Amino acid sequence: MKKKTTSVIAIISCLILLLSIFTACKNKNDTQDPSELTPDESWYPGVDSTYEPVTIGAVELADIVKEALGDEAKGFNGDLSSLSADQLKKVEALAEKKGYTIDKNEQGKPVVKDPSYAEASFDEKKKVLDEASVSDLNNVSADDYKKLSDAAAKNDMKVVTQKDGSVEIIKHRTQTTTKAYTNRNNNTQNSGNTPTKSSGYVAPMGTTIVRTNFASCSWKSTYSTKTNDTFIHSAMADDGIVCIGATFKSTDGETAAENSALIAKYDKDGRRMWATSEGKSKSTNFENVAVLSDGSIVAVGYTTSNDIAPKSEYKCSNTVEGIVVKYNKSGSKQWMKIYGGSGSDMIYSVAATPDGGFVMGGKTTSVDGDFREITSNKISAFIFKCDAKGNILWKKAFSGTMHSATDEFAVTPSGDIYATISVYSATGDYSLIDGLKEKGKSTAVVKFAPDGNILWIKGFSGSGTTELTSIAVTKDGGCIVAGQYSSGSDGKNTGIFKDFHNGGMPGTTDGAVLKIDPNGKTRWLTTLIGYESDFITGITSVPGGYAVSGYTTSSNRDFLTNSGNYDSFVYIISEYGEKETIASFGGGNSDTARGICGDGTKTVYLCGISNSDDGYFADCADKGNENSAIAYLFRYDLDQGSKQ
């Protein structure tokens with residue numbers, strides 16, 4: 001029987017994570033060569049923002065129906081599909097005469113759209129709200145509506161009321177629409193934000209996607225101080241792999257807050273090149289790491305220590321402060337900076353940018369110091385763009401009435417920045433984003449231009465929690481987003497997960513992988529479902545698709561076996577959303593894969609945490625137990641072809 005871990009890591013929610021032997025998973029299509037897939041349609045989408053007419057408001061629609069039908073319009077409920085065929089034909093004729101177009105919405109119902117107006121961007125909506133002194137589109141009084149309408153008119157926009165009573169701001173078509181920075185074609189296949197189930201569009205005509213059939217572990221490296229050690233994120237360097245995490249100084253569960261941030265670098269043969277830590281007292285944590293274009297390394301996190309940096313770096317004492325540490329490729333520290341204010345400030349994410357600098361983000365309650373003029377007095381998600389010396393070039397923040405945080409970044413070769421943001425309430429700034437829940441955990445995906453201009457924002461939610469925290473750039477310039485979701489208390493799913501069932505009891509989590517094109521259109525959604533809880537912790541590109549890391553307590557449906565407690569896994573997802581191969585592994589205690597990285601080849605590197613001394617971890621140099629964890633880094637090679 002599997003032992004339950006009681007380690008310090010579990011107590012502080014740093015749940016133990018790791019990985020094991022890949023077992024072949026034969027594709028069910030026995031009629032074609034298992035080594036290759038030949039797509040049958042073009043998927044390459046454009047990057048330029050496409051103009052999309054907006055659906056007219058409920059008031060305008062009611063006026064058109066009344067004018068077209070006269071007394072027959074009595075009792076019209078705002079749904080054109082409730083009209084008879086003859087009535088609908090009259091309404092359509094009048095709408096077209098007025099310059100409108102007839103289309104269908106995501107549910108296939110007829111709607112009337114106004115081609116002279118388009119959806120306003122987040123920044124454009126924010127400008128109208130600021131000028132009208134209105135803070136939340138979800139709570140608009142009659143007086144607020146008048147002020148919003150006046151401010152919108154001054155900016156060549158207008159305010160419309162939807163069928164459900166919500167308020168939307170749209171802009172006149174003559175305004176310039178934002179274009180992406182790179183020049184690509186403009187083919188689009190899905191004008192909405194509703195994903196197709198498990199597939200959507202595939203590779204360009206005439207190309208071949210190579211299927212991954214098997215994955216083998218080349219080497220296993222471990223790190224242990226005989227207390228508790230964790231690797232929770234990794235990044236590729238030209239000469240190796242950099243991992244970050246923490247070392248906990250106690251195993252008794254009473255002094256779990258006393259930990260130091262850990263960073264280590266390995267060569268591509270698994271030999272540790274160097275390792276070092278930060279933090280002399282209290283608690284210091286690294287949360288993410290990036291390798292810059294010159295090979296230097298930037299690690300980010302937060303600290304409660306007041307003695308790890310020069311006093312001049314601290315904005316306020318005795319608070320949680322964000323930290324950034326830069327090392328050269330040999331591990332020598334070049335500088336450490338503290339970012340913060342008088343509140344609590346935590347940096348969760350970082351990514352290198354093509355100009356030699358980096359972008360970082362997290363959450364804050366500060367309204368002063370580095371966050372002056374960009375945040376409210378709530379918990380805000382923030383994004384800072386920095387140069388190679390850590391100087392802030394531009395800042396962005398999003399605030400609501402509840403917690404929100406920037407989770408992870410992905411940056412395109414042209415410098416566009418994708419970010420995932422956890423949102424607990426679609427209020428304040430988040431009320432401007434479609435697809436988020438007013439209450440409950442949702443995810444926002446944001447695309448920024450290199451100068452910080454917001455190109456688009458999309459919201460994703462279901463009936464339970466939605467946590468799409470991992471992100472990577474795709475070869476078309478879009479992004480692939482991964483994480484997990486849960487159903488509502490009744491076991492049913494809504495929102496983007498409405499076509500998917502929950503794998504187990506209500507409240508258990510299932511994995512999700514979502515493809516978004518450069519214009520912000522959702523192309524497909526794939527779920528990883530088991531009867532127990534399943535988590536995705538990272539994603540990276542491999543030939544023909546993506547490699548996903550995670551951990552699960554399931555041993556059925558999309559998962560093969562389970563050694564007990566948490567087992568790690570790597571899943572290969574094809575370029576167009578089909579599940580190809582899973583490799584799952586574990587020992588007698590909790591083993592969780594926390595991150596994955598690669599350079600686009602058939603080799604990936606997985607980092608995580610293990611409490612096991614048996615099973616897949618029996619031959620590791622260091623071993624964990626139920627009270628002590630080891631950090632690990634494993635290399636896996638993806639074999640492609642007919643091998644089963």
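A charge is taken to sit over a ring if NZ of Lys or CZ of Arg is within 6 Å of the ring centre and within 35 degrees of the ring normal. By this criterion the charged end of Lys395 sits over the ring of Phe384, 5.6 Å from its centre. Lys220 likewise lies over the face of Phe634, at 5.9 Å from the ring centre. The model is a predicted one, in which local features need pLDDT of at least 70 and side-chain atom pairs count only at pLDDT 80 or more, while totals for chains, interfaces and linings use all residues. Residues are numbered from 1 along each chain as its sequence is written, and side-chain values use heavy atoms, with hydrogens and water left out.

Helices (H or I, at least four residues) and strands (E, at least two) are DSSP runs, numbered from the N terminus; two strands pair if DSSP finds at least two bridges between them. An open sheet of four strands has the order β10-β11-β12-β13, with antiparallel pairing. From one strand to the next, the twist averages 20°, where axes are lines fitted to C-alpha atoms, for helices over the stretch in contact, and angles run from 0 to 180 degrees between N-to-C directions. Within this sheet, β11 (residues 240–248) and β12 (residues 259–266) run antiparallel and are joined by eight bridges; Ile244 has Ile263 of β12 as its bridge partner. In the loop between β9 (212–223) and β10 is Lys226, which has a positive phi of about 70° although it is not a glycine. Lys226 is exposed, with a relative accessible area of 62%; buried means under 20% relative accessible area, exposed over 50%, and partly exposed in between (1.4 Å probe, protein chains only).

Strand β28 (residues 509–516) has eight of its eight residues buried, so the strand is largely enclosed by the rest of the structure. In a regular strand the side chains alternate between the two faces of the sheet. In β28, Thr509, Gly511, Val513 and Lys515 point one way, and Asp510, Ala512, Leu514 and Ile516 the other way. Strand β27 (residues 479–486) is antiparallel to β28 and joined to it by eight bridges, with Tyr485 opposite Asp510. Six bridges pair β28 with strand β29 (residues 522–528), also in the antiparallel sense, and here Ile516 stands opposite Thr522. The hairpin of β28 and β29 has five residues between the strands, and Gly520 in this hairpin takes a positive phi near 90°.

In helix α4 (residues 122–132), the buried residues include Phe122, Val128, Leu129 and Ala132, together with Glu124 and Lys125. Their cover includes α5 (142–154), β4 (110–119), β5 (157–161), β6 (167–172), β21 (392–399) and β25 (454–460), with contact meaning heavy atoms within 4.5 Å. Ser133, which follows α4, has a positive phi near 55°.

A nonpolar core is a set of buried Ala, Val, Leu, Ile, Met, Phe, Trp, Tyr and Cys residues joined through side-chain atoms within 4.5 Å. The largest such core has 36 residues, and those with the most contacts inside it are Leu148, Ile383, Phe398, Ile421, Tyr430, Phe448 and Ile457. Leaving aside residues up to four places away in sequence, Tyr430 touches several residues, including Ala381, Phe398, Ile421, Val423 and Leu436. A second, separate core of 23 residues includes Ala261, Phe286, Val289 and Ile609.

Rings of Phe, Tyr and Trp (its six-membered ring) pair if their centres lie within 6.5 Å; planes under 30 degrees apart count as stacked, over 60 as edge-to-face and the rest as tilted. The count by this rule comes to 26 aromatic pairs. Tyr418 and Trp456 form a tilted pair, 5.9 Å centre to centre with 50° between the planes. Tyr418 lies in strand β23 (residues 417–423) and Trp456 in β25, so the pair ties together parts that are 38 residues apart in sequence. Tyr418 is buried at a relative accessible area of 0%, and Trp456 is buried at 8%. The pair of Phe535 and Tyr566 is edge-to-face, 6.3 Å centre to centre with 70° between the planes. Phe535 is in strand β30 (residues 534–542) and Tyr566 in the loop between β31 (545–552) and β32 (567–574), 31 residues apart. Both count as buried, Phe535 at 17% relative accessibility and Tyr566 at 16%. One aromatic cluster is formed by Phe585, Tyr616, Phe617, Tyr632, Phe634 and Tyr636.
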